[in-house]
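This report describes a single protein chain for a reader who is new to structural analysis. Please examine the sequence and the model shown here before reading on.

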Amino acid sequence: MISYNQIETIPLDYLRDRIRQYLLEDAPRGDITTQGTVDEDVLAQAEISAVEPLIFCGELIVPVFFEGEYRLVIPVHDGEAVPAGQ
């Protein structure tokens, strides 16, 4: 049987760097549609909800996708069950 060491933590700087790299690969010139249609000063609001029951993980990862000034509310913690629709 093959045994692997379990990774229990990922350095936040590593996460930030990798996610920025992935986003840059996905849209190397930025989000052209948003840049052309949305004023920089517009305040955006979003809500993410579960389509089906799940166990949440991502408390450290979700904030990495945001830059500048923002307010983020994550009403659950890693490992908690989230019902569909929440």
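Is R16 exposed, partly exposed or buried? With a relative accessibility of 31%, R16 counts as partly exposed. In this report, buried means under 20% relative accessible area, exposed means over 50%, and partly exposed lies in between, with a 1.4 Å probe and protein chains only.

The structure is a predicted model, in which local features need pLDDT of at least 70 and side-chain atom pairs count only at pLDDT 80 or more, while totals for chains, interfaces and linings use all residues. Residues are numbered from 1 along each chain as its sequence is written, and side-chain values use heavy atoms, with hydrogens and water left out.

**The salt bridge**

Side chains of opposite charge can pair when their charged atoms come close. A salt bridge is defined here as a side-chain nitrogen of Lys or Arg within 4 Å of a carboxyl oxygen of Asp or Glu. The count by this rule is 1 salt bridge. The partners are D13 and R16, whose closest N and O atoms are 3.5 Å apart. Both residues belong to helix 1 (residues 12-26), and because they are 3 residues apart there, about one helical turn separates them. Helices (H or I, at least four residues) and strands (E, at least two) are DSSP runs, numbered from the N terminus. D13 has a relative accessibility of 53% and therefore counts as exposed.

**The nonpolar surface patch**

Eight names make up the next feature: L12, L23, L60, I61, F65, F66, Y70 and L72 form a nonpolar patch on the surface. Together they have about 710 Å² of accessible area, a quantity that comes from the Shrake-Rupley method with a 1.4 Å probe, where for residues only the protein chains shown count as cover. Patches are made of residues with over 30% relative accessible area and no salt bridge; like charges are joined within 9 Å, and nonpolar side chains (Val, Leu, Ile, Met, Phe, Trp, Tyr) within 5 Å. One of the patch residues, F65, is placed in the loop between strand 1 (54-55) and strand 2 (81-82). F65 is partly exposed, at 46% relative accessible area.

**The pockets**

A pocket is found on a 1 Å grid over the protein atoms alone: it is an open set of points where a 1.4 Å probe fits, with protein on both sides within 12 Å along at least five of seven lines, and its lining residues have an atom within 4 Å of a point. The largest pocket holds about 1,600 Å³ of space. Its lining has 34 residues, of which A46, I48, F66, R71 and L72 are the closest to the centre. Helix 1 and strand 1 are the elements that give two or more residues to this lining, and the largest share, 3 residues, comes from helix 1. By class, the lining of the largest pocket has 24 nonpolar, 4 polar and 6 charged residues.

The second largest pocket contains about 200 Å³ of space. Among the residues that line it are I7, L15, C57, L60 and D78. Its lining divides into 6 nonpolar, 2 polar and 3 charged residues.

**Residues and their surroundings**

V73 and E69 are both found in the loop between strand 1 and strand 2. V51 lies in the loop between helix 2 (32-37) and strand 1, whereas V82 is part of strand 2. Their accessibilities are listed below.

| Residue | Relative accessibility | Class |
|---|---|---|
| V73 | 57% | exposed |
| V82 | 7% | buried |
| V51 | 78% | exposed |
| E69 | 84% | exposed |

V82 and S49 are 33 residues apart along the chain, and their C-alpha atoms are separated by 9.1 Å. V51 and R18 are also 33 residues apart in sequence, with 27 Å between their C-alpha atoms.

Note on methods. Points joined across faces, edges and corners; volume = space filled by probe spheres on them. Nonpolar A, V, L, I, M, F, W, Y, C, P; charged D, E, K, R; others polar.
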